[in-house]
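Please look at the sequence and the structure together before reading on.

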Number of protein chains: 2
Amino acid sequence: MTSTADQARSVIAGTPADSADVEAATTAAAEAFASNRATTPTQRAEFLELVAEEIEADKDAIIEAAVAESSLPVGRITGEVGRTTGQLRMFAGVVRQGDHLGVRIDPAMPLREPLPRADIRQRMVPLGPVAVFGASNFPLAFSTAGGDTASALAAGCPVVVKGHPAHPRTGALVAAAVGRAVERAGLHSGTFSFLLAGEGQSGIELGQALVGDPRITAVGFTGSRAGGLALVETAAKRAVPIPVYAEMSSINPVVVLPGALAEADTTAFAEAYVGSLTLGAGQFCTNPGLLFLPAGDAGDAFLAATAEAVKASTGQRMLTPGIAEAYASGTSALRDTEGVSVVASGSEGGDHAPAPIVAEAPVELLTADSAVAHEVFGASGVVVRYDDVDALLPRLADLEGQLTATVHATSADSADAAKLIPVLELKAGRILFNGWPTGVEVGHAMVHGGPFPATSDSRTTSVGSLAIERFQRPVAYQDVPADLLPEAVRDDNPWGLTRRVDGTLER
Amino acid sequence: MTSTADQARSVIAGTPADSADVEAATTAAAEAFASNRATTPTQRAEFLELVAEEIEADKDAIIEAAVAESSLPVGRITGEVGRTTGQLRMFAGVVRQGDHLGVRIDPAMPLREPLPRADIRQRMVPLGPVAVFGASNFPLAFSTAGGDTASALAAGCPVVVKGHPAHPRTGALVAAAVGRAVERAGLHSGTFSFLLAGEGQSGIELGQALVGDPRITAVGFTGSRAGGLALVETAAKRAVPIPVYAEMSSINPVVVLPGALAEADTTAFAEAYVGSLTLGAGQFCTNPGLLFLPAGDAGDAFLAATAEAVKASTGQRMLTPGIAEAYASGTSALRDTEGVSVVASGSEGGDHAPAPIVAEAPVELLTADSAVAHEVFGASGVVVRYDDVDALLPRLADLEGQLTATVHATSADSADAAKLIPVLELKAGRILFNGWPTGVEVGHAMVHGGPFPATSDSRTTSVGSLAIERFQRPVAYQDVPADLLPEAVRDDNPWGLTRRVDGTLER
């Protein structure tokens with residue numbers, strides 16, 4: 001096993017990974033785990049900060065590669081570098097604070113009747129090596145050193161990344177940066193590995209081998225529903241099944257309520273919708289793919305303004321030719337669905353830059369097997385008209401699970417909005433008002449998750465500090481002698497943790 | 001759908017549940033969920049306390065039924081009633097305190113550059129109706145109103161229990177008590193249902209129908225590995241897969257270190273081991289099925305004392321004839337394994353009260369496919385001798401996942417014990433020193449869980465207050481108007497919750 005930096009360099013030079021590399025990477029990760037999990041909060045936080053520093057040190061080359069490989073604009077990629085390093089530093093802060101260790105202490109009660117109580121202490125420990133599959137649409141923030149990697153490393157888990165074939169050079173440069181940080185932090189070289197399928201090699205096979213490897217203990221994935229479900233199936237069939245956190249598919253319903261529509265500047269409102277829909281060629285997990293619009297004149301006016309905005313839009317180059325093809329076939333299935341009419345489409349923007357489109361469909365078409373209710377990755381939106389909110393509620397309840405649900409409302413809509421919230425809570429990981437779902441803040445309160453099929457595990461999030469909890473499990477220590485207890489649960493509390501003592505949080 | 005109390009009464013009268021009852025129970029549970037999840041902490045806590053009260057009100061009949069159906073002694077069952085009501089009241093306290101709601105608030109930063117930050121708030125919401133499969137060996141504490149039910153109701157989830165066929169009358173009486181509490185609390189009658197397969201009817205089919213029902217959102221199970229894995233498979237194959245928390249199989253290794261052995265009163269130590277092994281006919285998930293003993297004279301003396309204690313023991317009547325048969329076939333497979341020798345066996349205690357047994361096996365037999373490394377439910381133990389701890393470590397690392405791992409050590413063993421802990425942390429949910437694993441304290445720091453196959457989900461526990469988190473998922477609220485926010489995340493904090501504001505816990 002060569003060091004991560006060497007390995008990444010060999011990838012830059014075009015050496016593809018094969019099953020022996022999977023074996024080598026997972027073996028090294030399992031070895032690294034012994035020391036990784038023993039690192040102090042300070043050591044772990046400093047390592048995450050070094051990763052951020054090393055990415056910044058090679059920022060120009062990384063941006064150049066990512067722009068070239070993704071066709072995304074420089075400004076967007078530059079912002080994504082900041083998001084990526086900011087995310088790493090946020091997790092450094094989380095690790096330093098230590099609340100994620102979830103320390104609980106129930107002191108002994110030797111005199112309790114009828115039976116004495118033992119001394120019992122609990123803390124979270126890392127699961128073990130984690131496999132991370134980066135996303136196509138965020139070559140940095142949801143990729144090699146993105147949210148899944150940052151939260152797994154923060155938990156104390158070594159990471160093996162399967163690089164995304166759409167941005168191999170970006171991935172390798174970021175992997176090299178992580179490798180340098182591993183070296184500078186004095187960590188085991190198996191702490192981080194980066195694998196990339198070579199040309200003519202099956203990335204799917206490589207990924208399946210990784211998830212099937214007995215040393216891997218959890219999986220983070222952002223991508224298609226088919227890809228995510230294939231990994232979920234492999235993980236469930238292992239001799240020892242493991243959790244898969246797959247962020248997969250969402251059409252992010254938006255409900256425009258009558259009051260909001262009445263008060264809005266119709267043109268600006270429609271332009272904001274089309275702006276969110278076409279941002280980054282619509283290549284966001286949180287793209288507003290389905291909009292519910294009141295019937296009647298105000299809705300007609302919004303739709304007319306939407307048509308104008310769409311007509312004025314030009315397609316942006318998509319991430320890969322394959323993604324552009326999938327967009328073409330998805331939008332063509334939508335156009336061909338009986339009952340669906342095209343509101344407007346924009347102009348093509350050249351190779352792999354298909355025209356944005358907005359279609360209209362009757363609410364009856366929102367069934368699980370209809371093209372209307374499935375994600376078309378790209379700048380494609382469906383508008384559904386509704387007569388009244390009460391009739392809309394069961395339709396919303398029948399939707400599949402979503403990453404986000406958006407409501408446009410003013411105080412005049414308050415009664416309707418209050419009915420929507422409990423329905424949307426069951427459907428989505430994030431409910432937002434009077435905005436657009438694209439744009440996912442990295443913070444402590446964010447949920448980028450949601451019921452199946454938005455994700456494979458609704459009990460968590462892939463963005464925000466709560467994401468660290470995905471890669472941990474609790475262990476209880478009963479009557480363990482003081483000198484053998486892990487620092488986190490020792491009486492003298494050397495890490496200064498907030499701890500739950502007999503059920504109550506104590507600083 | 002009749003009320004829960006009626007339904008439980010009809011079960012007492014011998015009316016078995018069929019697939020129409022599954023449908024009725026899950027439909028009612030889905031209806032109840034709308035109001036259940038909207039209850040305040042006080043309402044939910046009071047309901048849990050009413051359940052405890054109603055169980056106590058019918059305590060005599062419940063104890064009489066449970067003793068008759070389980071063959072467990074009155075003292076043990078009486079203690080289990082207290083454990084069950086204590087558990088319900090503990091969760092009432094957890095709900096009142098509200099830390100399980102995990103509230104996080106990242107306030108808006110309207111002036112942030114380059115982009116303003118939205119106001120984002122997070123809380124946990126209940127998953128939805130939960131199916132609970134009670135255990136054979138704890139007719140109260142791990143059954144109808146046991147830990148899974150208590151934690152699911154505490155989270156705000158309606159519960160549908162599939163009653164265990166080994167104690168139908170006990171289950172029905174407890175179900176009736178829960179039904180009365182539902183009525184007194186003014187909750188929807190679908191909040192709790194109890195289903196029991198009739199004679200000649202397949203309990204497996206009934207359970208599979210329940211787990212396959214689209215309204216069920218999570219499953220709690222305590223029982224056999226085969227039973228648990230069958231439910232895991234069904235849950236994974238659903239159109240919308242759901243989490244299964246199955247507590248399944250564990251042999252609970254005990255490592256006796258040389259110093260502890262040298263300092264111990266050999267006879268008392270061996271008697272304590274055999275006492276833990278034979279307690280309640282050995283019918284504990286945490287029964288010490290595998291004991292590692294040093295080679296040499298002190299170990300020989302311990303083994304001889306163990307043989308005496310086992311010979312002096314008499315089998316207790318097991319829970320069911322089927323369980324006694326499984327014990328007979330498990331111990332006979334153990335005896336027939338080449339290399340295994342019987343240290344001693346006790347006396348039979350009459351019908352379905354097979355003799356306790358302790359066998360000895362060489363460490364080489366501890367392979368995944370050997371009878372030595374698999375749970376025999378009942379008073380059956382295997383002793384493995386070892387020469388030195390360093391050679392033992394890889395053997396321990398090769399064991400399957402366990403609920404508990406026990407170390408007997410004195411200060412003289414400190415260096416060895418320090419090597420054991422990191423290995424055992426990867427194998428077990430609870431590590432205990434100088435005690436025996438039977439006896440699972442219900443508290444805040446307890447972990448009754450562990451890596452597969454001890455459980456199907458190592459990220460949690462089925463005993464203790466952390467168990468409530470199994471039935472929740474996070475939802476984020478972005479820029480939701482103040483008057484529409486759920487109480488838990490409102491600025492005026494009407495429930496007085498501890499909340500994480502910008503990453504820091506605040507009272």
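The model is predicted. Chain A is assigned two domains, domain 1 (4-248 + 459-489) and domain 2 (253-433). Chain A also meets chain B, with 56 residues of chain A in contact with 56 residues of chain B.

**Domains of chain A**

- Domain 1 of chain A is given as two segments, 4-248 and 459-489, while domain 2 of chain A covers 253-433.
- Between the C-alpha centres of these two domains of chain A there is a distance of 34 Å.
- Where the two domains touch, domain 1 of chain A contributes nine residues and domain 2 of chain A contributes ten residues.
- On the side of domain 1 of chain A that touches domain 2 of chain A, five residues are polar, two are nonpolar and two are charged.

**The side of chain B that touches chain A**

- Of the 56 residues of chain B in contact with chain A, 27 are nonpolar, 15 are polar and 14 are charged.
- At least two residues of this side come from each of strand E1 (104-106), strand E2 (120-126), helix H15 (414-425), strand E14 (428-433) and strand E15 (472-478) of chain B.
- The most residues, six, are given by E15(B).

**Strand pairing between the chains**

- Strand E14 (residues 428-433) of chain A pairs with E15(B) in the parallel sense, over three bridges.
- Within this pairing, Ile431(A) has Tyr477(B) of E15(B) as its bridge partner.

Conventions
Residues numbered from 1 in each chain as written. Chains lettered and ligands numbered in written order. Predicted model: local features only at pLDDT ≥ 70, side-chain atom pairs only at ≥ 80, totals over all residues. Domains from an automatic or database assignment. Contact = placed C-beta atoms within 7 Å. Nonpolar A, V, L, I, M, F, W, Y, C, P; charged D, E, K, R; others polar. Helix = DSSP H or I, 4+ residues; strand = E, 2+ residues; numbered from the N terminus. Pairing = 2+ DSSP bridges.
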